[in-house]
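The tour below goes from one selection to the next.

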Amino acid sequence: ATRFALVTDAEVLVFKCASMAEAEDWVEALRPFVVPGARTKQRSSTMGSAETLSGKFTVNMLPSAASRRVGFEGRCTIEVTSTDIILRDMNAKRIERWPLHLIRKYGNSADRFSFEAGSRCHSGEGVFTFSTFVANDADKIHDTVHVNSEVLANESAQKDARYSRSLPRPPSSSGQSLGGRGSPGPSCPAATYE
């Protein structure tokens, strides 16, 4: 399946098509209706060159046990990259970084975006909540994190599949023991690999 995102000042729309050719047709068909300044990005879960979204958003980090552990609350910027959520103060100094693959869950409401960091994150586990100042920013943050997380998951699955195909497979047998023919070792059913 191929996906492409239409990013405007108001929203991020993610479309799914059967093929890259169909996605290109949709991009061309939508181009006359796109708001000036909008951009389209295509990515394919079947091709190696998957594209991600990115964005910087001015937000307010709400107080919580997790935010106190990080040592920050208040107005800041979160930047969503292809691999991370980065928290910066208003002087652009990096305060914290959360790898997307370590985010347990995320969600949003009309004016808030939240995520749960896993225990392997530098900040430790906890829920971080941000209120937004611009209409639809919570949706944009959510969609950007979602698209990028999905791309990472697909790339990881493809890498795992390539790795497992490159491993040597043991000879399959029907009921032979792992101890070998006639060996005095313990007997157990052999695993078969398909």
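The stops that follow cover the sheet, the core, the salt bridges and the cysteines.

This is a predicted model, in which local features need pLDDT of at least 70, side-chain atom pairs count only at pLDDT 80 or more, and totals for chains, interfaces and linings use all residues. Residues are numbered from 1 along each chain as its sequence is written, and side-chain values use heavy atoms, with hydrogens and water left out.

**Stop 1: the sheet**

Select β4 to β10. These seven strands make an open, antiparallel sheet, and the order across it is β7-β6-β5-β4-β10-β9-β8. Strands (E, at least two residues) and helices (H or I, at least four) are DSSP runs numbered from the N terminus, and two strands pair if DSSP finds at least two bridges between them.

Now select β4 (residues 55–61) and β10 (residues 126–132). The two run antiparallel and are joined by three bridges. Which residue of β10 is the bridge partner of V59? The partner is T132.

**Stop 2: the core**

Select I85, L87, W98, F115, F128 and F130. These residues have the most contacts inside the largest nonpolar core, which has 23 residues. Such a core is a set of buried Ala, Val, Leu, Ile, Met, Phe, Trp, Tyr and Cys residues joined through side-chain atoms within 4.5 Å. The elements giving two or more residues to this core are β4, α2 (65–70), β5 (74–80), β6, β9, β10 and α3 (137–166). In soluble globular proteins, nonpolar side chains tend to be buried together.

Stay on I85 and show its contacts (heavy atoms within 4.5 Å). Leaving aside residues up to four places away in sequence, I85 touches a set that includes W98, F113, F115 and V145.

**Stop 3: the salt bridges**

How many salt bridges does a search of the whole structure find? The search finds six, a salt bridge being a side-chain nitrogen of Lys or Arg within 4 Å of a carboxyl oxygen of Asp or Glu.

Select D84 and R97, whose closest N and O atoms are 3.3 Å apart in a salt bridge. D84 lies in β6 (residues 84–88) and R97 in β7, so the pair ties together parts that are 13 residues apart in sequence. D84 is buried, at 9% relative accessible area, while R97 is partly exposed, at 34%. Buried means under 20% relative accessible area, exposed over 50%, and partly exposed in between (1.4 Å probe, protein chains only).

Next, select E125 and R104, a salt bridge with its closest N and O atoms 2.8 Å apart. E125 lies in the loop between β9 (112–117) and β10, and R104 in β8, so this pair ties together parts that are 21 residues apart in sequence.

Then select R68 and E73, whose side chains meet in a salt bridge at 3.7 Å, N to O. R68 is exposed, at 54%, and E73 is partly exposed, at 36%.

**Stop 4: the cysteines**

Finally, select C76 and C121. C76 is buried, at 0% relative accessible area, and C121 is buried, at 5%. A search of the whole structure finds zero disulfides, a disulfide being a pair of cysteine sulfur atoms within 2.5 Å.
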